[in-house]
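This report is for a reader who is meeting the structure for the first time. Please look over the sequence and the model before reading on.

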Amino acid sequence: MSDTALTLGEKTFTNRLFTGTGKFAANSQIPQMLAASGSEMITVALRRIDLTSETENILNFIPNTVTLLPNTSGARTAEQAVRVARIAREAGCGNFIKIEVITDSKYLMPDNYETLKATEILAEEGFVVLPYVLPDLPLAKRLESAGAAAIMPLGAPIGTNRGLETKPLLAMLIENCSVPVIVDAGIGLPSQAAAAMEMGADAVLVNTAIATARDPEVMGQAFDLAVRAGRAAYLAESAETSLTARASSPLTGFLD
Amino acid sequence: MQLQINGQATQINATTLDELISELELPRESLVVEHNSQIVRQQQWAQTRLSQDDVLELLSFVGGG
C-alpha cells in the first residue's frame, strides 16, 4: 500500500497513532507502549513541582526519536495557554503545542473561543499549533486561517472511552478542512480508531484507552494495527452500501 | 528573605536562583523556572539574583493527554 507521510510543521510522521503519557500505572510502561505501538508523537503536561517529594522525570521515559507534544492543560484562558506554550518551548520541548483550554470541569469541554485566540497568537510566534476543539466547521475554518497546523476535534469527552459520538460533525471537518484532522479524546477501542481512519481522519490521538488497559503495551500494538487497517481502508475507497441485497454469487438456481 | 514559590510564601537563605535550587534540593534536569513571569534557562540560574517578594514558579513536565 502506498501512502504519503503526515506532515505537521517541519516533521513527517509515518505512524498515524499519536499517544499520551497520562494515567499510566508506572512510567516504565510508556517506553514499552511506544515501542509496541510505533507511535511517533506523545503528549506531556506542565505543572508546578511538588516541593515536598521527589517525582520521576517523565521525559526520561520518552525516546528522543519521539516528538513531544506538550499540552496546555490547566489553562482556563487563551492568555494562560500562551504562557504554558512559551514555557514548554523555552524548556527545550520543541515548537509543537496542543492547545487545550478548559473551564468546564464536568465534561472537560474545550473552550473553542479561547482556543481560537490562543491559536492566533501562537501560530504567529512560530509554534506548530494543534488545537483541541469541539468539532465545529466554521471554527475549524477560522483555526485554519489563524495558522493551525491541524485540527484536533474530540470524538467524545476526555477519558470517557465512548468512541465517535460526534461522528457526523467529524465527517464535516474531514471533508472540508485543508489542514489535517486528528481525532482526539474519547476513543476507547481500536475499532473506534479504525472507524475514524476509515472516515478519512489523518491521525488519532489515544491516551486513556491505552494507558488504563490492563496491558498498555499490547493495547498500544492493537491500536497501531487498527489505525493502519482504517487508513488502508480509506485509501482503498470503500465499496457502496445498499438497503437491498446484491448477490455475490450467480443468481441462477444450482442446477438450472 | 521571603519569596512566593509556587503560590506559597517561603523563607529562604539563598541569594541566587542556583543557590535556591540547591537549598530546596530540587531535581535540576527536569526543572523549568519562571522568575517574576520570565522564563530563566538553566545557564542563567547562577547569575539570577533573588530579591524580597520575588515570584517563582517551579515547574516540570508530567504525564498528560
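This is a predicted model: local features need pLDDT of at least 70, side-chain atom pairs count only at pLDDT 80 or more; totals for chains, interfaces and linings use all residues.

Residues are numbered from 1 along each chain as its sequence is written, chains are lettered from A and ligands numbered from 1 in the order in which they are written, and side-chain values use heavy atoms, with hydrogens and water left out.

**The interface**

The size of an interface is often given as the accessible area lost when the parts come together. Chain A and chain B bury about 2200 Å² between them, 61% of it on carbon and sulfur atoms; buried area is the accessible area (1.4 Å probe) that two parts lose on being put together, summed over both. On the side of chain A, the most area is lost by Arg48(A), Ile49(A) and Glu90(A), together 30% of what that side buries. The contact (heavy atoms within 4.5 Å) involves 27 residues from chain A and 21 residues from chain B.

Between the two chains there are 14 residue pairs in polar contact, both residues being at pLDDT 80 or more. A polar contact is a pair of N or O atoms within 3.5 Å; within protein, one must be able to donate a hydrogen and the other to accept it, and residues adjacent in sequence count only if both atoms are side-chain atoms. Strand S4 (41-48) and helix H2 (78-90) of chain A are the elements that give two or more residues to the side of chain A that touches chain B. Helices (H or I, at least four residues) and strands (E, at least two) are DSSP runs, numbered from the N terminus. With six residues, S4(A) gives the most to this side of chain A.

**Strand S4 of chain A and its partners**

Strands of a sheet pair through backbone hydrogen bonds, either parallel or antiparallel. Here two strands pair if DSSP finds at least two bridges between them. S4(A) is joined by five bridges to strand S5 (residues 55-63) of chain B, and the two run antiparallel. In this pairing Val44(A) stands opposite Gly63(B), and Ala45(A) stands opposite Val62(B).

Within chain A, four bridges join S4(A) to strand S5 (residues 67-70), and these strands run parallel. Val44(A) stands opposite Pro70(A) there. Strand S3 (residues 17-20) of chain A is also parallel to S4(A), with two bridges, and Thr19(A) stands opposite Ile42(A). Six of the eight residues of S4(A) are buried, where buried means under 20% relative accessible area, exposed over 50%, and partly exposed in between (1.4 Å probe, protein chains only).

**Salt bridges**

A salt bridge is a side-chain nitrogen of Lys or Arg within 4 Å of a carboxyl oxygen of Asp or Glu. The structure holds 13 of them over all chains, and three cross the interface of chain A and chain B. Some of the pairs are listed here.

| Pair | N to O distance |
|---|---|
| Arg83(A) and Glu34(B) | 2.4 Å |
| Glu57(B) and Arg48(A) | 2.7 Å |
| Arg28(B) and Asp18(B) | 3.0 Å |
| Glu144(A) and Lys141(A) | 3.1 Å |

Glu57(B) is buried, with a relative accessible area of 12%, whereas Arg48(A) is partly exposed at 44%. Glu144(A) and Lys141(A) are three residues apart in helix H4 (residues 137-146) of chain A, so about one helical turn separates them.

**Two single residues**

Asp184(A) belongs to strand S9 (residues 182-184) of chain A. Is Asp184(A) buried or exposed? With a relative accessible area of 3%, Asp184(A) is buried. Leaving aside neighbours within four places in sequence, its contacts include Lys98(A), Tyr132(A) and Met152(A).

Glu23(B), in helix H1 (residues 17-23) of chain B, is partly exposed, with a relative accessible area of 33%. A polar atom of the side chain of Glu23(B) lies 2.8 Å from the backbone nitrogen of Ala14(B). The C-alpha atoms of Glu23(B) and Ile12(B), 11 residues apart along the chain, are separated by 8.0 Å.
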